[in-house]
Amino acid sequence: MAISACLIFDTCPALSMVGAARRHAIGTGPRERTEHDRLVDEIAALNRTELSEPPEPAAPPDGSARVAFWNVERGRYLDEAAALLAVVDADV
């Protein structure tokens, strides 16, 4: 299985919640890649980054930092995910 990088550029002030019944349906639903891709397209919280001011402004960093994050997908495809993160060469 190949994993391709997917950079998320869309932001929003607050992510919409996914209700308990929908989360249950997703958790007990099909585990195929096509279903995953369909859900990512359909659920805004899976393809946006919540961007808002912190309660108190944080001190600026001493220089720059490369930050990466991933949804580990319940531990599946760990080797592929680790390889992808290695290429990104993130500081955090």
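A: Relative accessible area sorts residues into buried (under 20%), exposed (over 50%) and partly exposed in between, with a 1.4 Å probe and protein chains only. By that scale Arg38 is partly exposed, with a relative accessible area of 37%. The model is predicted, so local features need pLDDT of at least 70 and side-chain atom pairs count only at pLDDT 80 or more, while totals for chains, interfaces and linings use all residues. Residues are numbered from 1 along each chain as its sequence is written, and side-chain values use heavy atoms, with hydrogens and water left out.

A salt bridge here is a side-chain nitrogen of Lys or Arg within 4 Å of a carboxyl oxygen of Asp or Glu, and the count by this rule is 4. Arg38 pairs with Glu35, the closest N and O atoms being 2.8 Å apart; these two are 3 residues apart in helix α2, about one helical turn, where helices are DSSP runs of H or I with at least four residues, numbered from the N terminus. Glu35 counts as buried, at 18% relative accessibility. Arg38 also meets Glu42 in a salt bridge of 2.5 Å, N to O, and this pair, 4 residues apart in helix α2, is likewise separated by about one helical turn.

Glu42, partly exposed at 43%, forms a further salt bridge with Arg22, with closest N and O atoms 2.2 Å apart. Because Arg22 lies in helix α1 (residues 20-27) and Glu42 in helix α2, this pair ties together parts that are 20 residues apart in sequence. Arg22 is itself partly exposed, at 32%.
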